[in-house]
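Here is a short report on selected strands and helices. Read it alongside the sequence and the coordinates.

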Amino acid sequence: MQQHDRPAARRVTRVDLAPPLQGRPVQLTLDELGTPLSDVTFVVVDLETTGSVPGTSAITEIGAVKVRGGEVLGEFQTLVDPGGPVPAFISVLTGITTSMVVGAPRIEEVLPSFLEFARGTVLVAHNAPFDVGFLKAAAVQTGHAWPGHQTVDTVRLARRVVTRDEAPNHKLSTLAALFGAAVTPNHRALSDARATVDVLHALLARLAPLGITHLEDLATATDPVPSDVRRKRHLADGLPDGPGVYMFVGPREEILYVGTSTSLRTRVRSYFTAAEKRSRMVEMVRVSERVHPVPCATTLEARVRELRLIAEHSPRYNRRSRFPERMPWVHLTVEPYPRLSVVREVRAPASPAPDGHEPAYIGPFASRGAAQSAIDALHETFPVRQCSGRLPLRAALGAVACALAEMGRCGAPCTGRSSPEQYADVTAAVRAAMVGDPSPVVRAHATRIGRLVTQERFEEAAVVRDRLAAFLRGAARAQRLAPLARCPELVAARRADAGGWEVVLVRYGRLAGTATVPRGVDPWPVIESLRLSGEEVAAPAAPAPACHPEEADLVLAWLDQPGVRLVLAPEGWTCPVGGAQAYADPASTAGRVAAYLAHDLETAAAVGAPGASALAAPPGPETLGAGSTGAA
């Protein structure tokens, strides 16, 4: 039988079992690690009072113990004159009688000393809302500002780590007996505070194996965070503390979720605490393997990058902005007899329109239903055809008008009842309402709402109101986007919070670059460098910008901020004065609708026809109020 030499056995060490290291080890800073609990100074406080309600009851005794790293640093104890007799049942419970507190210092004298004793520490109490509530009420009563101490409640900590099998309840006396406290609680402030110190140390010892070893962990230790989620908090280690985008990455390098924050480290850490309430985010954290940060110079850049990354990767845990192609527009078609249509994108015309006008679009809308509501609003106002087929310039012999034509809601160009010139007047009015002044649509819907309200048909009036709102939102958005989408280059700046300038370069509505200029530095060289190094952007088909519509909305919102200065806009940047933006505020729209209704009633009374609606010209600016100029 052939024998083979067997390799010599080697002892397996802990190093062999450790997972392979990937990348270069990095030593974390103290800020990234947090404050170890052994370095935290706690003041464990207990109060005795004349009742249970702060403000109506008063403090009779304060006891506190200052500890750090298991060592007692000092104690504070005093009786307090409550300014009245101590109730008998309180005396039986605590042993503190009225004669004991007579001559004791008042809370006005005691509180400053206690606040100085507890300065810069973390307050601990058993049932902290009770004790801290009385201290805050005393601060208000005596005119002292409450320092805003971080507070730890040992009752909530005990509920986290002490089961019902170990203790029937979480009273201080029960926990002190369970953990073998050196002092037995007896309803006197200092004794109870000393017992709470032992309970606190025992609870922290139980929490340590759960990963709660720093003050930042203790702040959320009582939160119902699953242990597997809390164990992944190391994914936030090493993240920068500044604005940017973060991406949770799962198996096979799948982008699970994209978000943004002004502080990447703080925001990502919140996913591993009870601050995150969304169940789908907890599920996402469970499958995440790492977090990839994208630091950004400014908050605007971070928000724009977030949108672009969501549109690029379509992360399954992101809900908004994933599919920009699903945001429809309303288009007035270019043909002999134009009609309104819902389209997926804005397209440049292959040839100039016969009437010389540019194509009219409004939107984009959040859904196809909203776009259809806007079309219904226009159909309610103008007798534009609603059939979907393309009509010839000359009507076919024997063509029959539809029911809408018989109702007077369509000019029936299909039968020759409306000439091309007459129909052109209708489409010109539709185009003007879409890209300019929407007041004819508002006036028509005000009339309709007034009739329905008079007849107490409020549900139908609400439908008409929502239809009008959908049209105004789409028209206002298109009228804001169009000027920016036609602007080849725009440079703007605003003062940074920390001094200096934030500079933004926009081309055809797309963020082409950002930069920051430190305080005291000439911004013009930075601006020129940004213009030369900024992204080259091709001209889009307006009113659609050369980016995701929500990106252009972010840019517009930034430009609308107080303090933003236009540095360069060679081609200009203007918005219509009497456009749909004047109706952006629902309250303003409601006021204008009411003005139209009042004008309608005056007209009806003048002709002696109660209930009639003979609305003529709209009220003037003095009736409606000045509209927004929208000009920049």
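Strand β9 (residues 329–332) and β10 run antiparallel, joined by 4 bridges. L332 stands opposite L340 in β10. Two strands count as paired if DSSP finds at least two bridges between them. Helices (H or I, at least four residues) and strands (E, at least two) are DSSP runs, numbered from the N terminus.

This is a predicted model: local features need pLDDT of at least 70, side-chain atom pairs count only at pLDDT 80 or more, and totals for chains, interfaces and linings use all residues. Residues are numbered from 1 along each chain as its sequence is written, and side-chain values use heavy atoms, with hydrogens and water left out.

**The open sheet**

The order β10-β9-β11 describes an open sheet of 3 strands with antiparallel pairing. β10 (340–343) and β11 (360–362) are the edge strands, each with a single partner, so one side of each has no neighbour in the sheet. From one strand to the next, the twist averages 30 degrees. Helix α19 (residues 458–485) packs on this sheet and touches β9 and β11. The direction of α19 makes about 115 degrees with that of β11. Contact means heavy atoms within 4.5 Å. Axes are lines fitted to C-alpha atoms, for helices over the stretch in contact, and angles run from 0 to 180 degrees between N-to-C directions.

**The helix pair**

Helix α18 (residues 439–454) packs against α19 at an angle of about 170 degrees, and their axes are 8 Å apart. α18 is therefore roughly antiparallel to α19 (angles over 145 degrees). Among the contact residues are V441, H445 and L452 of α18, and F458, R465 and F471 of α19. By class, this contact has 11 nonpolar, 1 polar and 4 charged residues. Ala, Val, Leu, Ile, Met, Phe, Trp, Tyr, Cys and Pro count as nonpolar, Asp, Glu, Lys and Arg as charged, and the others, Gly among them, as polar.

Strand β12 (residues 490–495) has 5 of its 6 residues buried, so the rest of the structure largely encloses it. Buried means under 20% relative accessible area (1.4 Å probe, protein chains only). The table lists its pairings.

| Partner of β12 | Bridges | Direction |
|---|---|---|
| β13 (residues 501–507) | 6 bridges | antiparallel |
| β15 (residues 565–568) | 3 bridges | antiparallel |

A493 has V503 as its bridge partner in β13. V491 has L568 as its bridge partner in β15. β12 and β13 form a hairpin with 5 residues between them. In the turn, G499 has a positive phi of about 100 degrees.

Conventions. Buried < 20%, exposed > 50% of the residue type's maximum accessible area, 1.4 Å probe, protein only. Parallel < 35°, antiparallel > 145°, perpendicular 65-115°, else oblique.
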